[in-house]
Amino acid sequence: MEQHTKGRSRAVWALVITSIAGFMAALDNLVVTTALPSIRESLGGELGELEWTVNAYTLTFAVLLMFGASLGDRFGRRRLFVIGLSVFTGASAAAALSPGINELIAFRAVQGVGAAIMMPLTLTLLTAAVPPARRGAALGVFSAVTGLAVASGPLVGGSLTEHLSWQWIFWLNVPIGLILLPLARLRLAESYAPDSRLDVPGTLLVSGGLFGIVYGLVNANSNGWTDPVVLAALIAGAALMGGFIRHGFRAKNPMLPMRLFRNRAFFGINMAGLLMFLGMFGSIFLLSQYLQGVLGYSPTEAGLRMLPWTGMPMLVAPIAGVLADRFGGRPVVVTGLALQAVGLGLFAVALAPDASYASQLPGLIVGGIGMALYFAPAASLVMSSVRPGEQGMASGANNALREVGGALGVAVLATVFSSQGGYDSAQTFTDGTVLAVWLGAGVVALAALVALMIPGRRSTPAQAPEQAEVSVPVAA
């Protein structure tokens, strides 16, 4: 009985600590966007430098996720989680104290390093602490919190900037991080992947490849898709990723064995996640501007009006996690992606220079329910599709693919927007946004079709036995 109570306490603490850490890391993806005018007024800088206050975090976060997961598997997941959280917290304070735009960009990059170490380890630490029978519900809560952070970044950033100052979007992380650090050290169990080795060639290939692809994508809109630097980055990145894939097939102990993608569950949920983030990130990027630039809302007002969409994961995802435990993850994920595609389509139909809020509500509500249904079982499907010793690399791969999907979504949908619209008038902005959001809806619908590849509960092959992970429990 005492052992059961300790196990339950450890699971609750793991859920609280990893969810809050995941919220901070995910929030900083988009929290800066609505603060850029204030940052420019305070620190100066041209448009390109302001863009890098966003991109510096995204780049380092995306390219180092796989490496962060490998470090945790090799040297201890709790230990590296604490290190990543320390780096992220310290860099947040440094960003708030930045005397100039270049210093802010540099500290945003360091923030990304901390998040890349911390974020992939949240899932492995939580999975190790929660019994399989309750894992779906726990991962549903975790996914709801991180999903809310991604979608509410502009609201949080706008509200803090409007009512306090832009520095508070970074100061917010500091007290939270300082509270989490001792809790993580005392309340989380240490664990390692068996026989884990650092894959230096694989790390260099995937880091260089993702850097090239993401760098090319985030610069394509400002410099043009035919710019020599953009083309060189995309080509070099694709070549290095090709080398990484080849390495994953041939190396003895690669950081991401390509054989994992032969598993229909692993392939299906990862490809669906990439496509979902492509459609969702690109649409949020444009719709938040539409609400402010066309309908005239302030950043805070726009964020509040999106709460039926962005706030829905907090209400629906825990329930969806329980449904996934009962009926399996595939039907919940597929339903969620389909509803999200329908929600984006409803929003595209309602878009107009003088659209009323009532006309936007159906799309917001349906899309929010769909997003919540996706986030809840997605993490559980990723972690259950691989062996225990491979969960660190699986989490890193899943997060990296979603980050790349988000960067691709902003680049592609912004390009579609520019081809049919612009900032000249409310009508031209609406015209471009309608086409781009329809494309986003189509991409998310494709994600639903890809998710059908995930085996159902009864047809999921049994996992091969594997050596148990080395785990050192910590007294609760």
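How many helices and strands are there in the protein? Here are some notes to read alongside the model.

1. **The overall picture.** What you have here is a predicted model. The protein has 18 helices and two strands. Of its 476 residues, 57% are buried. If you take the contacts between residues at least 6 apart in sequence, 84% of them join residues at least 24 apart.

2. Mean pLDDT for the protein is 78, with 83% of residues at 70 or more. Element by element, H4 has the highest mean, 91, while strand S2 (residues 470-472) has the lowest, 36. Keep an eye on residues 458-476, where pLDDT is below 50; the model still gives this stretch 39 contacts beyond near neighbours in sequence.

3. **H4 against H8.** Two packed helices are described by the angle between their axes and the distance between the axes. Helix H4 (residues 77-96) packs on helix H8 (residues 173-187) at about 165°, and their axes are 9 Å apart. That angle is over 145 degrees, so the two helices count as roughly antiparallel. The crossing of H4 and H8 is left-handed.

4. **Who meets whom there.** On the H4 side, the residues in the contact include Phe81, Leu85, Phe88 and Arg78. On the H8 side, look for Leu178, Leu181, Ala184 and Arg185, among others. Sorted by class, this contact has 10 nonpolar, five polar and two charged residues.

5. **H11 against H15.** Now try helix H11, residues 264-294. H11 packs with helix H15 (residues 329-350) at an angle of about 25°, with 12 Å between the axes. An angle under 35 degrees counts as roughly parallel, so H11 is roughly parallel to H15. This crossing is left-handed too.

6. **The residues in that contact.** H11 brings residues including Ile269, Met276, Gly279 and Leu287, and H15 brings Val333, Leu337 and Phe347, among others. The class count is nine nonpolar, three polar and no charged residues.

7. **A closer look at Gly268.** This glycine also lies in H11. Is Gly268 buried or exposed? Gly268 is buried, because its relative accessibility is 0% and the cut-off for buried is under 20%. Leaving aside neighbours within four places in sequence, Gly268 is in contact with Val450 and Ile454. Find Ile454 in the model: Gly268 and Ile454 are 186 residues apart in sequence, yet their C-alpha atoms are 5.3 Å apart in space.

Notes:
Residues are numbered from 1 along each chain as its sequence is written. This is a predicted model: local features need pLDDT of at least 70, side-chain atom pairs count only at pLDDT 80 or more; totals for chains, interfaces and linings use all residues. Side-chain values use heavy atoms; hydrogens and water are left out. Helices (H or I, at least four residues) and strands (E, at least two) are DSSP runs, numbered from the N terminus. Buried means under 20% relative accessible area, exposed over 50%, partly exposed in between (1.4 Å probe, protein chains only). Contact means heavy atoms within 4.5 Å. Axes are lines fitted to C-alpha atoms, for helices over the stretch in contact, and angles run from 0 to 180 degrees between N-to-C directions. Angles under 35 degrees count as roughly parallel, over 145 as roughly antiparallel, 65 to 115 as roughly perpendicular and the rest as oblique. A crossing is left-handed if the near helix is turned anticlockwise from the far one by less than a right angle, and right-handed if clockwise. Ala, Val, Leu, Ile, Met, Phe, Trp, Tyr, Cys and Pro count as nonpolar, Asp, Glu, Lys and Arg as charged, and the others, Gly among them, as polar. pLDDT is the predictor's confidence in each residue, from 0 to 100.
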